[in-house]
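Good morning, and thank you for joining.

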Amino acid sequence: MFPQKRGARLVAIAAASSLLALTACSGGSGGDDEANDDGTPAGEITVLTWRTDLVEDGTFDEYVEQFKAAYPEVTEVTVEGLTDYEGEVKTRMNTENYGDVLAIPGSVTPDQYADFFEPLGTQEEIGAEYQWINDKSFEGQSYGIPVVGNVQGYVYNKRVWEEAGVTEFPDTPEAFLAALQAIKDNGVEIAPLYTNYKDGWPLSQWDGWLGAVTADPDWKNKIIESDTPWTPESDYGVVDGLIYDAVAQGLTEADPTTTNWEESKRLLGTGQVATMVLGSWALPQMAAAAEEAGASAEDIAYAPTPVQVDGTFHSVAGGDYNLGINVNSDNKATARAWIDWFNHESGFSESQAGLSPIIDGPVPDALTGFVEQVELITLNPAEEGKESLFADIDTASGIVTTDPKFRQKTIDDARSGARTKEQVFDDLNAQWAEGRSSAG
């Protein structure tokens, strides 16, 4: 745990524009060149990444050269950038040609890991070296290792908040809404909170607050035993209730159907947008966008989930994409060497303003001020035998919390008044209860 401080003031999180944008990898099968008989890395592997910009700007070329220098018998590392990463990898996984090293797609359920990915070791073995491995483990085996750790909260334009008179972290949902209202009342054309409704996926970033609201690392394990996850004080209730209230009170962009993710980065950087709920991975991108637009990267700051438990802010720390090895790979030793080298030697996590996935790894300068004021928590894994139960209930319910459509519907209702917040909660709880019944 990190030191706790009460009454924390807003702190600008240093996010230099030179920081790289977050990435993770995946790939198509390596080929016939295998590692040496003694298991040392050699031959060829293929790595895929959804960050096509880092392929185009030469960042991955530098990683490949460094890796090959460390392992001279590795003859080739091919990096493929995929624009629609999740969609393309899902399609390729219908064949054996989905790379040697790849980030495990979110659509793969825990009980499917062994069908597609090579076990990297037991949870106990991998957990002795790496953090946040529970997410991609099943029945005691680990199938993925994260490349970087994120903390969860929201990114904001510090200058805009201070000009509106908000100089302390809001410590309740009501205080958060009041801060947004103060920004709106400041007489400038600014969207206090930007939902990124149209692109959809940013709405899933609000899930990063789950667990921090109640400071409960077992929140997910508890709701699989409950028929009512959406209540005024629950994790889901506070998160989705705050979305509803912000939209209903006119504290978001005027027309959510016209939002644009790439444009939103510039808008936040220049102060036309004040706040976006995103993981800490967004800091480098927002800082770079600010400088590109002629604004200051120093305006970009990060704040915790606006709830205190026992006078303390909490933030969920966890891994981003987890790198795994294609179970069909012909060169698993070299694939594993890439994963370990990437985490230990590339300097990637620090360059991303992220936490190291290595136990007791360094905290980057960009997050030092944040972690000094927030207690970080790591979510506990599901009980053995129940690893896929949340996903089973979620799917059976028809809510599918991993799909942003359910939050888009909440926003639609908040705008139109078609359903009250209480009616939204009642409907979600009814669906969840039915899902629990169907999932047994």
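Let us start with strand β9, which is joined to strand β10 (residues 275-276) by 2 bridges, the two running antiparallel. Before going further, a note on sources: this is a predicted model, in which local features need pLDDT of at least 70 and side-chain atom pairs count only at pLDDT 80 or more, while totals for chains, interfaces and linings use all residues. Residues are numbered from 1 along each chain as its sequence is written, and side-chain values use heavy atoms, with hydrogens and water left out.

As to terms, strands are DSSP runs of E of at least two residues and helices are runs of H or I of at least four, numbered from the N terminus; two strands pair if DSSP finds at least two bridges between them.

Within β10, threonine 275 is the bridge partner of tyrosine 156. Tyrosine 156 also stands opposite alanine 301 in β11. Strand β11 (residues 300-304) pairs with β9 in the antiparallel sense over 5 bridges. Is β9 (residues 153-157) mostly covered or mostly open? It is mostly covered, with 5 of its 5 residues buried, where buried means under 20% relative accessible area, exposed over 50%, and partly exposed in between (1.4 Å probe, protein chains only).

Elsewhere, 3 strands form an open sheet in the order β4-β6-β5, with antiparallel pairing. Its edge strands, β4 (121-122) and β5 (137-138), each pair on one side only. Between β5 and β6 (residues 141-142) there are 2 bridges, and serine 137 stands opposite serine 142 in β6.

Next, the interior. A nonpolar core here is a set of buried Ala, Val, Leu, Ile, Met, Phe, Trp, Tyr and Cys residues joined through side-chain atoms within 4.5 Å. The largest has 74 residues, and Val155, Trp161, Trp206 and Met286 have the most contacts inside it. Helix α9 supplies the largest share of this core, 8 residues. A second, separate core of 43 residues includes Met93, Tyr98, Ile104 and Val147.

Arginine 92 belongs to helix α3 (residues 85-92). Why does arginine 92 count as buried? It does so because its relative accessibility is 19%. A polar atom of its side chain lies 3.2 Å from the backbone oxygen of asparagine 97.

Definitions and conventions
Polar contact = N/O pair within 3.5 Å; in protein donor to acceptor, adjacent residues only side chain to side chain.
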